[in-house]
Amino acid sequence: MTHSPLHWICAAICVGLWLALVGWTIVKVRRELAAVTARAAALGQTATDTVLIAYASQTGTAEELAWQSAQALSDAGTAARPVPLSELDDVALKSARKVLFIASTTGEGDAPDNGSGFLRRQMTHSAALPNLRFAVLALGDKSYDRYCAFGRQIDAWASDSGAKPLFPRIEVDNNDPAALTLWQQQLAEMAGTENLYAWVPAAYDRWQLVRKVHLNPGSPGGEAWHLVFQPVGHSPKWEAGDIAEFALPSDAVGERVTREYSLASVPADNGAEFCVRLMTAPDGSYGLGSGWLIRDLAQGDVVDMRIRPNRSFRPAPSAAPIILIGNGTGIAGLRAHLKVERKGQAWLLFGERTRAHDDFFGEELKAMQAAGILARMDQAWSRDEGDGRYVQHLISENARDIERWIDRGAYIFVCGSLEGMSKGVHAALETVLGEERLQGLTDAGRYRRDVY
Ligand SMILES: Cc1cc2nc3c(=O)[nH]c(=O)nc-3n(C[C@H](O)[C@H](O)[C@H](O)COP(=O)(O)OP(=O)(O)OC[C@H]3O[C@@H](n4cnc5c(N)ncnc54)[C@H](O)[C@@H]3O)c2cc1C
Ligand SMILES: Cc1cc2nc3c(=O)[nH]c(=O)nc-3n(C[C@H](O)[C@H](O)[C@H](O)COP(=O)(O)O)c2cc1C
């Protein structure tokens, strides 16, 4: 049997191509393995043995629980590491043996900002995770229609991906202590100990109301008040972005109702300051918390309050420029950031109803501009004749400058109402920067929101 040279050339090309394909596949698999190993090393010890505690948190509660859970497990001899859900990629998921998900739900059944990237990247398809064991602690509030929606979604996705539950999902309604105790018991069982360090919620501290100023007399909007409290017998520490939890006076059954407010000051200010809106129902009755703080409390009264770290709204690195965006009482969380000494420039975009009555902390902000603390300030007055703009309009009008600041590494902070403001601001930022870039900023922690 004879073959023409053409046949031999064709055969050689086929064999060459086949060898190239095999070689390329080997290199690819090796690279992937190397990536898994490198990532595992970066995760500390033998990453496979370390329990990952992946948290998604909007206002700090889930994040705090993740750190406490990690501490308790580590104390019991089980290596554990908290990690924001945004940082949990394919490689980490596939190299870990156990992942505990601690996830709150925000908005209307939505993922917190540091979970939205994971939802988009990982949860749109089931992953192959047959070697993974997992558990879910879902935080939520039964007063919302879509109770614990994001935690439930994670649970369903992990099961669909072939991961095996360590124990059934635990749902926590409004910080229910019984559910949190159950979580701690499960962790103890996992760590094989009966003496797991049992953390308890931080105790309330005593604070005295020392100043109370009506910020917007004559406003067409609800009353807003500046409240200043000083610590009684303790030396509190907190950072800009943190949240205060007030315990309202107990009712007849002794149940403790709480309300949360963004801190408008830093410890150097010598007091915990707030900007609180009086909520009024159509029948004229006041909101429980705001009515109590504004109508019932008098200067000199002492209350129970504790401060919760809210790491995902804390200050940006000092050298980075910051863009602060908000409306109404959202000025509180933004003002705290302006109190932090920093090298990067700050730009405030703020909206309220009228310049004449709602220019909250107006004199102080002007002084900050004069001192160079605030490089730029733009305001929108929705009820003023000739203006009629909301804060999101300021974003569209200054699109080029927003882009320039982001190009220079700026962080965006948004504080204030979820419905009335943050959705409009988000849409305006998406138009200016593009959906992908805004998601990238969210994942990188450069788009931070304290919205309620
Ligand atoms: C992280 C975070 C930070 C926050 N920061 C701030 C802040 O800096 N400043 C601020 O002002 N708020 C802030 N809030 C909101 C605050 O926690 C409270 O939700 C707000 O003050 C309203 O609480 P309330 O007890 O006064 O009203 P609630 O008693 O809870 O009532 C809520 C609403 O229902 C209405 N309502 C009550 N009873 C009735 C009824 N019978 N019929 C019809 N309607 C009724 C009330 O008028 C009100 O509009 C923040 C919230 C969160 C989660
Ligand atoms: C603006 C806002 C929206 C919320 N939306 C929901 C919701 O849709 N479903 C739910 O179960 N809980 C909802 N919650 C309750 C939170 O999930 C709950 O307070 C949780 O403990 C917050 O955890 P975090 O501090 O880690 O974000 C919402 C809370 C806030 C402040």
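**Ligand sites and a buried serine**

I begin with ligand 1: one of its oxygen atoms lies 2.5 Å from a backbone N or O atom of Gly289, a polar contact, meaning a pair of N or O atoms within 3.5 Å, where within protein one must be able to donate a hydrogen and the other to accept it, and residues adjacent in sequence count only if both atoms are side-chain atoms. Taken alone, ligand 1 exposes 980 Å², and the protein buries 68% of that; accessible areas are from the Shrake-Rupley method with a 1.4 Å probe, and for residues only the protein chains shown count as cover.

Before I go on, this is a predicted model, in which local features need pLDDT of at least 70, side-chain atom pairs count only at pLDDT 80 or more, and totals for chains, interfaces and linings use all residues. Residues are numbered from 1 along each chain as its sequence is written, chains are lettered from A and ligands numbered from 1 in the order in which they are written, and side-chain values use heavy atoms, with hydrogens and water left out.

Back to ligand 1. A nitrogen atom of the ligand is 2.9 Å from a polar backbone atom of Cys275. The side chain of Ser262 has an N or O atom 3.1 Å from a nitrogen atom of ligand 1. The shell has 20 residues, with Arg259, Glu260, Tyr261, Gly289 and Ser290 the closest; a residue is near if one of its heavy atoms lies within 4 Å. The largest share, 4 residues, comes from β10.

Now ligand 2. Which residues are closest to it among the 21 that surround it? They are Ser57, Thr59, Thr61, Thr105 and Cys148. An oxygen atom of ligand 2 lies 3.2 Å from a backbone N or O atom of Gly60. Ligand 2 alone exposes 640 Å², of which the protein buries 89%. Both α2 (61–75) and β4 (133–140) supply at least two shell residues.

Last, Ser161, in the loop between α5 (149–160) and β5 (164–165); helices (H or I, at least four residues) and strands (E, at least two) are DSSP runs, numbered from the N terminus. Is Ser161 buried or exposed? Ser161 is buried, at 4% relative accessible area; buried means under 20%, exposed over 50%, partly exposed in between (1.4 Å probe, protein chains only). A polar atom of the Ser161 side chain lies 2.9 Å from the backbone nitrogen of Ala127.
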